[in-house]
Amino acid sequence: MTNELTIKITGEAGQGIQTIGAALCRLFKNAGFHIFANQDLMSRIRGGNNFFQLRISDKPLFALRQKSDITVALDKASVALHKSSMTDGGILVLDRKKFNVIEEDNAFFDVPFYDMAVRTGGSALFINSVSCGVLAGIVGVESSYVEQAMNATFAGKDEDVIRKNKDAACVGYDFVRSNLKRDAFRIKAGAIKDTNTPIMNGNDAIVLGAIRAGCKFYSAYPMSPSTSIMEVIARYAKKFNIVVEQAEDEIAAINMIIGASFAGVRSMTATAGGGFALMVEGLSLAAMTETPIVVVVAQRPAPATGFPTRTAQADLEFVLHAGHGEFARAVYAPGTIEELFFVTIKAFNVAEKYQIPAIILTDQHLADSYRNIETFDLNKIKIQRYIISKEDSKRIKNYKRYQFTESGISPRAIPSWIEDVIYVDSDEHTEEGHITEDAEMGRKMVEKRFYKKFSGLSQEVEKPTVYNMERADIVLLGFGSTYGVMREVSDTATDKKVGFVHLPQVWPFPAIEMAGLLKNAKRVLSVENNAGGQLARLLRRETGLQVNGSVLKYDGRPFHVDGLMDRIKKEG
Amino acid sequence: MDISDFKSNEEIAWCPGCGNFGILTAVKKTLSQLARHPKDILFVSGIGQASKLPHYVNCNCFNGLHGRTLPVASAAKIANRNLTVLVTTGDGDCYGEGGNHLIHNIRRNTDITVIVHDNQVYGLTKGQSSPTSDPGYVTKIQEEGVILEPLHPLEMAIALGAGFVARGYSLETEHLSWLIGEGIRHKGFSLIDVLQPCVSFNKKNTYEWYSKRVYKVNDNGSYDPENKMAAYEKSHEWGDRIPIGIIYRAEKETYEEKRGLSQGIPLVDEQIEDVDIKGILSEFV
């Protein structure tokens, strides 16, 4: 067994599992553990069963495990639901008296946390803080971390609230120290030396990237799992003078960012597959009018409404082909929180440089999973504007918005900055932007928007990530969030050597590079959260190479490290 | 500025006698009186005959998608409040395809002026009914006549809280030009529905039909456009008599004012190369 634990807190929606999860992430990171955490939510506001999963280890973590070592059940239903997903020797913390559980089970560890909550805080709400203390006690971290986590979680609240939560946590902690006889869950802390580092999820990283890239206008319609992007950017809107506008629908959202971008402001929207379906018309408009936009598509299972709060990678082919007509686009599929941050910045630069739509394809798993990360190296960021500067604008007369150039990119002027007027049209148009029916003009404009821009874009594709490839028995292939699980499988596989290739950008497809990487591979398996093996199909279309097999998962749940390992053995 | 400053050399693709010509004349006249340079004026249009108008004036033009004018126009105004933003759209574009955007952009109340060329028929697709077609109006598709209740744009706009609601008639170019000017001067969302005969497809609502019915709502000086209930009543008048003029007007705080965008530098002029995120990054620790 490696030096790691999987912890689960489970209960009804509305019991505050998210708050307790955030507190625990902070607690264990500060105690020096690497963490990876994710919520499994049902699409409802109250009731049902939700759980927060947290892995802690002395090594960096990138994915989840199927079974948990420690489960805290906050309601009776959770006991039966989660009993079967425990590791051998794992413990399930429950309040026997409160839940009226009579049966015996070796895994059960009875903690009267309801009584403790009422005694210390005055209400059942404080079970969250009791649970924090209980978990810290089981793992054996020092009690000072518990206190610190409570202070941070309830910072800004009344003294009394903070004190009660601290008391509740301490009672939980002390109870475990006196009553838990087993030491099996004590793992070594202190793996991270610098604990002054961030914890964030994928959506947070996108927002930070967008703000750093100079996004000044954000418009979207709320849709899981993209909604927290709007919430987080709204939190910082005042500070950075960003206008965040909740649009009446996704059609309006994309047309609004096109309008703002046309007027000269860097703009972004985010949605899930269903919302993107409504945006497709606007995507084509951005391409035709050559207006730069950044669109985040956070995938969730579909068709139609699907599993609203769960994960999938089934919209790869959709985003590659979305939009009527033919035009150049960039599609990024970052695999980690760090990559999301830097790729978001790149997406803004590339969209503006080529005057095209840039799509960032993520999914619920990447959007909502928290990890401790190294602080971003902000020095390597360069924001370059690809517009005619205000200064230079004063000299521009007889402006042609769609002037033909070798690169297909016409110098882009900002309305009111130049001394001339600007015509932009969704109809086929002349270099001046006026409507035309001319065949020759139409042909040249298609080549400008499609061939010429594509050729430039292809020169600056994000390189595939290559890992443990040398003499690998099996090479995994993935895009987006599966980076994490492939990385951990590759790091821990024992009987066979497993390497992987991950694509942080899927379009333009790095065909030559991929052909070179895979041509001598013994056995290539694509790992995808979809039913069609869409990445494998894309690889074949672009390189002629066929994978030896695909490990597919389309049940709305992410791959787990152990689950993928088993599947590879079977495929293998 | 002179009217010649707004002259475009584009060939006009409307049918001879089209009601749009009167609107174009009125628009140009208004622009020439605005004391604004063409580079500071933006026309946003969608799809339909009305949406070709921006090509026939010398101003900035964003000719986007069918029905999607208002999100583009509002956002362009948000990005650069120094632009005077006008929308030229039709009854299909604005009331049909773009209905949801109309509702919510009235609520949004950005300072834009929306001119709806309303000919009660679909011209570019050759003669189908529009949301404002009169009941019983026969087309190749509505063979037994239109059975849907017509949309009442002015009533709807007043109900939604629009601060400037007006109707013009394309033959009354002087009056229309004045209306458009008032719409531009009004701070916030202005809706100007313009009766505009389609000489090719609408054989019912012709120049003759409209001319017989329209009257200026405040000809005798007794109409008070600030009385909301009276305006609501007036907006419903349709049939033997059709009022034109400012039906309703009210001062309202605009989106830009509420957002604090009417002061300071416009968003478009912000430097973005060196945004410092160190402070907020530390909030994630």
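The model is predicted: local features need pLDDT of at least 70, side-chain atom pairs count only at pLDDT 80 or more, and totals for chains, interfaces and linings use all residues. Residues are numbered from 1 along each chain as its sequence is written, while chains are lettered from A and ligands numbered from 1 in the order in which they are written.

**Chain A overall**

Chain A holds 21 helices and 21 strands. Both are DSSP runs numbered from the N terminus: helices are H or I with at least four residues, strands are E with at least two. The C-alpha atoms of chain A fill a box of roughly 85 × 60 × 40 Å along the principal axes.

Of the 572 residues of chain A, 55% count as buried. A residue is buried if 20 or more other C-beta atoms lie within 10 Å of its own, exposed if 12 or fewer, and partly exposed in between, with C-beta atoms placed from the backbone. Contacts mean C-beta atoms, placed from the backbone, within 7 Å. Among contacts in chain A between residues at least 6 apart in sequence, 72% join residues at least 24 apart.

**Two helix pairs**

Two packed helices are described by the angle between their axes and the distance between the axes. Axes here are lines fitted to C-alpha atoms, for helices over the stretch in contact, and angles run from 0 to 180 degrees between N-to-C directions.

| Helix pair | Axes come within | Crossing angle |
|---|---|---|
| α1 (residues 20-32) and α6 (residues 173-185) of chain B | 8 Å | roughly 50° |
| α4 (residues 113-121) and α7 (residues 159-179) of chain A | 9 Å | roughly 145° |

The crossing of α1(B) and α6(B) is right-handed. α4(A) also passes α7(A) in a right-handed crossing. Right-handed means that the near helix is turned clockwise from the far one by less than a right angle; left-handed means anticlockwise.

In α1(B), the contact residues include Gly22(B), Ile23(B) and Thr25(B); in α6(B), they include Leu176(B) and Ile180(B). By class, this contact has five nonpolar, six polar and one charged residues. Ala, Val, Leu, Ile, Met, Phe, Trp, Tyr, Cys and Pro count as nonpolar, Asp, Glu, Lys and Arg as charged, and the others, Gly among them, as polar.

Phe113(A) and Met116(A) are among the α4(A) residues that meet α7(A), where the partners include Asp167(A) and Val171(A).

**Where the chains touch**

The contact takes 42 residues from chain B and 54 residues from chain A. On the chain B side, β2 (60-63), α2 (69-79), α4 (99-108) and α10 (278-282) each supply at least two residues. α2(B) gives the most, with eight residues. That side has 23 nonpolar, 11 polar and eight charged residues.

**Buried and exposed**

In helix α20 (residues 534-543) of chain A, Gln534(A), Leu535(A), Ala536(A), Leu538(A) and Leu539(A) are buried. Their cover includes β17 (474-479) and α19 (511-518) of chain A. Just after α20(A), Gly544(A) takes a positive phi of about 80°.

Arg443(A) lies in helix α17 (residues 439-457) of chain A. Arg443(A) is exposed, with 11 other C-beta atoms within 10 Å.

Key:
Contact = placed C-beta atoms within 7 Å.
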